[in-house]
Amino acid sequence: MKYIDRKGNITIEESDQDKLLRHLYTDRGGRLCLKLLIRPFVSRLAGVVLKSRLSAGFIPGFAERNGIDMSDYEEKKYGSYNDFFTRKIRPEARPVAKGENILISPCDGKLSVHRIGRDSRFYIKDAEYTVEQLLRSKSLAKRYDNGYAVIIRLTVDDYHHYCYVAEGVKSSNVSLAGCFHTVNPVANELYPIYKENAREYTLLQTTKFGTVVMMEVGAMMVGKIRNHHKNPRKVDKGEEKGYFEFGGSTIVLLLQHGKVRLDYDLVENTENGYETIVRMGERIGEQKLPKRTGKSPVRPK
């Protein structure tokens, strides 16, 4: 995997998780195992194990291997692995970028940016997706023609809570059933991942950024997307929207044309084949203001 942070530091690595997933998706024996692993009952069984007290023994080794700085998190005795995975971070460790015209990242993760073409298609690691398939709504998908799809992929070492990207009014949540494929790019070579995964989205109506689609995508071994607010309500920028239980996951933002100017480094990094490491609450773009015509305003007589 090729990552780059906001300071330009590059990391090229293949983790143990990446190696396992490459085996599952590319080897014959791995694909046979995969057919079993993506079944919902397996995800439910894994959930039972990871919520058990015995699973708490995995925590120290996991934190050490993944370089997780536990001083960023609230002190707590974890009763299970899933209890640890859904841990709460200290607010000061994820400050929210100020400014009502600033759009923030909803989560920690690895971010890529994709233009939504006129045919409502975009690409992730050479796999093609349509916005209509993602949303299962032709009319809603059309609203995002020529806009952007922002894909933020969370890995197991990331903080798995997420927040609202701007102040606004959220709609009721829409849940779409699916099977639990992994969101790791290795899988994209063989499967149309996002349109097969269980997912949930809401429309966030804002005064600065138009209507933003915020979608949570479940992945292999993730049986639960835990959103706090099911019904319409006013929300604040940086307010927690929900969290994922154990596993890798993804959040997708769909942005309307002409509403947001994404930060240049995020676009450039994607074009150069890198995912950009971001943190929840940090700036990823700003309100796109209408271009000035250069004409003097007409004064009333």
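Predicted model: local features only at pLDDT ≥ 70, side-chain atom pairs only at ≥ 80, totals over all residues.

User: Why is Val48 called exposed?

Analyst: Exposed means over 50% relative accessible area, buried means under 20%, and partly exposed lies in between (1.4 Å probe, protein chains only). Val48 has 57% relative accessibility, so Val48 counts as exposed. Across the 301 residues of the protein, 50% count as buried.

User: What makes Leu45, Val48 and Val49 a nonpolar surface patch?

Analyst: Patch residues have over 30% relative accessible area and no salt bridge; nonpolar side chains (Val, Leu, Ile, Met, Phe, Trp, Tyr) are joined within 5 Å, and like charges within 9 Å. Leu45, Val48 and Val49 form such a patch of about 280 Å². The area comes from the Shrake-Rupley method with a 1.4 Å probe, and for residues only the protein chains shown count as cover. The protein as a whole exposes about 15600 Å², of which carbon and sulfur atoms supply 51%.

User: How do you know that Arg94 and Asp108 form a salt bridge?

Analyst: A salt bridge requires a side-chain nitrogen of Lys or Arg within 4 Å of a carboxyl oxygen of Asp or Glu. For Arg94 and Asp108 the N to O distance is 2.7 Å, so the pair meets the definition. Arg94 lies in the loop between α5 (81-85) and β3 (102-104), and Asp108 in the loop between β3 and β4, 14 residues apart. Both residues are buried. The whole structure has 20 salt bridges.

User: Why is the pair of Lys208 and Glu100 said to tie together separate parts of the chain?

Analyst: The closest N and O atoms of Lys208 and Glu100 are 3.4 Å apart, and the two residues form a salt bridge. Lys208 lies in the loop between β11 (199-205) and β12 (211-217) and Glu100 in the loop between α5 and β3, so the pair links parts 108 residues apart in sequence. Lys208 is partly exposed because its relative accessible area is 24%, whereas Glu100, at 62%, counts as exposed.

User: Which residues belong to the salt-bridge network that includes Glu286?

Analyst: The network links Arg6, Arg261, Asp263, Asp265, Glu282, Arg283 and Glu286. Within it, Glu286 and Arg283 have their closest N and O atoms 3.2 Å apart. Glu286 has a relative accessible area of 22% and is therefore partly exposed; Arg283, at 32%, is also partly exposed.

User: What makes β18 a pairing partner of β1 and of β4?

Analyst: Two strands pair if DSSP finds at least two bridges between them. Strand β1 (residues 2-4) and β18 (residues 275-278) have two bridges in the parallel sense, with Ile4 opposite Thr276. Strand β4 (residues 109-115) and β18 have three bridges in the antiparallel sense, among them Gly109 with Val278 and Lys110 with Ile277. β4 also runs antiparallel to β7 over six bridges, and six of the seven residues of β4 are buried.

User: What makes a group of residues a nonpolar core, and how many residues has the largest?

Analyst: A nonpolar core is a set of buried Ala, Val, Leu, Ile, Met, Phe, Trp, Tyr and Cys residues joined through side-chain atoms within 4.5 Å. The largest has 45 residues, and Leu103, Leu111, Val165, Val212, Leu253 and Leu255 have the most contacts inside it. Strand β7 (residues 148-154) gives the most to this core, with four residues. Another core, lying apart from it, has 17 residues, including Leu135 and Val252.

Terms used: Residues numbered from 1 in each chain as written. Heavy atoms only, no water.
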